[in-house]
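Hi,

Here is the structure I promised to pass on. Have a look at it first, then read my notes below.

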Amino acid sequence: MDTVFIAGLEVDTVIGAYDWERTIRQCLQLDLWLGWDNRPAAEDDDLSKALDYASVSARIQAFASESQFILVETFAERLVALLMSEFSIPWVRLRLTKPGAVPAARGGVGVEIERGCR
């Protein structure tokens, strides 16, 4: 299984448990590893057989702009399920960082999940 990756994708969304967080949009940083067999696309140099990371990134942006979750865990689970379903991706690992949620955590805080089979 090959891997297509999207690193450092920033999305704005409504996320958080505190009342003040429900009134603003916050930036999340996403790193994704997407399982995909790249051989068919490479064989014919055919984009239609590739996992189009531009399309995946655009869908993630749309999902984030429409979402309003309390938990980053919920955001992560729903996003991964959507990507696997809409793009027929067999395996996804997502690292979601919420910068600034804990000021002393310089690298941010968040979750990392892995779903599907490699």
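This is a predicted model: local features need pLDDT of at least 70, side-chain atom pairs count only at pLDDT 80 or more; totals for chains, interfaces and linings use all residues.

What follows is a short tour of the aromatic rings.

Residues are numbered from 1 along each chain as its sequence is written, and side-chain values use heavy atoms, with hydrogens and water left out.

Searching the whole structure turns up three aromatic pairs. Rings of Phe, Tyr and Trp (its six-membered ring) pair if their centres lie within 6.5 Å; planes under 30 degrees apart are stacked, over 60 edge-to-face, and the rest tilted.

One of the pairs is Phe63 with Phe75, edge-to-face at 5.1 Å centre to centre and 65 degrees between the planes. Phe63 belongs to helix α2 (residues 53-66) and Phe75 to helix α3 (residues 72-87), so this pair ties together parts 12 residues apart in sequence. (Helices are DSSP runs of H or I, at least four residues, numbered from the N terminus.)

Phe75 also pairs edge-to-face with Phe69, at 6.3 Å and 85 degrees.

Buried or exposed? Buried means under 20% relative accessible area, with a 1.4 Å probe and protein chains only. Phe75 is buried at 0%, Phe63 at 9% and Phe69 at 13%.

Finally, charges over rings (CZ of Arg or NZ of Lys within 6 Å of the ring centre and within 35 degrees of the ring normal): Arg93 lies over the face of Trp33, 4.2 Å from the ring centre, and the charged end of Arg118 sits over Trp91, 4.1 Å from its centre.

Cheers

Notes
Helices (H or I, at least four residues) and strands (E, at least two) are DSSP runs, numbered from the N terminus. Buried means under 20% relative accessible area, exposed over 50%, partly exposed in between (1.4 Å probe, protein chains only).
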